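Please open the structure in your viewer and keep the sequence panel beside it, as this tour moves from one selection to the next and says at each stop what is there.

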Amino acid sequence: CGVSAGRVASIDGRLAATPRAYRMIGDLLGLSGRAEELARYAERALADVETRVARVPAGARPGVYYARAPRGLQTEIIETIEALGARNVADGTIERGPLVPVTLDQVVGWDPDVIVTIDREFAAAVRADPAWQAVKAVRDGRIYKIPPVPWSWLDLPPSANRLLGLRWLGRALYPALFPEDLRAEARRFYALFYHRAPDDAQLDALLDSR
């Protein structure tokens, strides 16, 4: 929420509402010029992803499991997976809410093509865990650790980082559709939103998938 002259404003945190949220915050804080710059970036990013993903046939859209916790057995439904046209394999079988516990048998049954996780411990261990070898994503090596700085690029809190996360996940899911240099885009994004472009070492750490 934002506070202005004793009033409280509720800001819509949905990904699709990001441009409107920035404009609203800009009006509240008297920073409409800066807010418009960020809102336009968000509009372009969302429209660009939508256009690219529209080219993907339904049968070519991967199943994705979002793994949370050190054992990877918590999950939730997140907007960025849906925005990229992928199937969240847990959707329809779990309640929508934060960090829903699941079993490995459930994950094996869903047999995702791709696993994304923000948990470094899980990302490091799952490839060598015999119990997870029954999952297609593990056998194929399609496990991706989500960049977490300053907040997750895919989920909570509902920050601007999700805009960059769309390109990151798009590259993981559809590399032919997202061939651009993600490092260059990350530099532009951080310079625009955080007034500081990461150097090469910081980018290495951000994009480290281990």
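This is a predicted model: local features need pLDDT of at least 70, side-chain atom pairs count only at pLDDT 80 or more; totals for chains, interfaces and linings use all residues.

**First stop: the largest pocket**

Begin by selecting Tyr22, Ile25, Pro158, Ser159 and Ala160, which are the closest to the centre of the largest pocket among the 17 residues that line it. The space in this pocket comes to about 340 Å³. Next, colour helix 1 (18-29) and helix 8 (182-194), each of which supplies at least two residues of the lining; helix 1 gives the most, with four residues. If you colour the lining by residue class, you will find 11 nonpolar, three polar and three charged residues.

Now turn to the open sheet of four strands, whose order is 5-3-7-8 and whose pairing is parallel. Select strand 5 (87-88) and strand 8 (143-145), which stand at the edges; each has a single partner strand, so one side of each is left without a neighbour in the sheet. Strand 5 pairs with strand 3 (residues 63-67) in the parallel sense, over two bridges, and if you show Val64 you can find Asn88 of strand 5 opposite this residue.

The structure as a whole holds 11 aromatic pairs. Zoom in on Tyr41 and Phe193, whose rings are arranged edge-to-face, at 5.4 Å centre to centre and with 80° between the planes. Because Tyr41 belongs to helix 2 (residues 32-53) and Phe193 to helix 8, this pair ties together parts that are 152 residues apart in sequence. Are these two residues, Tyr41 and Phe193, buried or exposed? Both Tyr41 and Phe193 are buried.

Stay with helix 8 and select Tyr190 and Tyr194, which are four residues apart there and therefore separated by about one helical turn. Their rings form a tilted pair, with 5.4 Å centre to centre and 50° between the planes. A surface view lets you examine the two partners in turn: Tyr190 counts as buried because its relative accessibility is 7%, whereas Tyr194, with a relative accessible area of 27%, is partly exposed.

Key:
Residues are numbered from 1 along each chain as its sequence is written. Side-chain values use heavy atoms; hydrogens and water are left out. On a 1 Å grid over the protein atoms alone, a cavity is a set of points where a 1.4 Å probe fits but cannot get out, and a pocket is an open set with protein on both sides within 12 Å along at least five of seven lines; lining residues have an atom within 4 Å of a point. Grid points are joined across faces, edges and corners, and a volume is the space filled by probe spheres set on the points. Ala, Val, Leu, Ile, Met, Phe, Trp, Tyr, Cys and Pro count as nonpolar, Asp, Glu, Lys and Arg as charged, and the others, Gly among them, as polar. Two strands pair if DSSP finds at least two bridges between them. Rings of Phe, Tyr and Trp (its six-membered ring) pair if their centres lie within 6.5 Å; planes under 30 degrees apart count as stacked, over 60 as edge-to-face and the rest as tilted. Buried means under 20% relative accessible area, exposed over 50%, partly exposed in between (1.4 Å probe, protein chains only).
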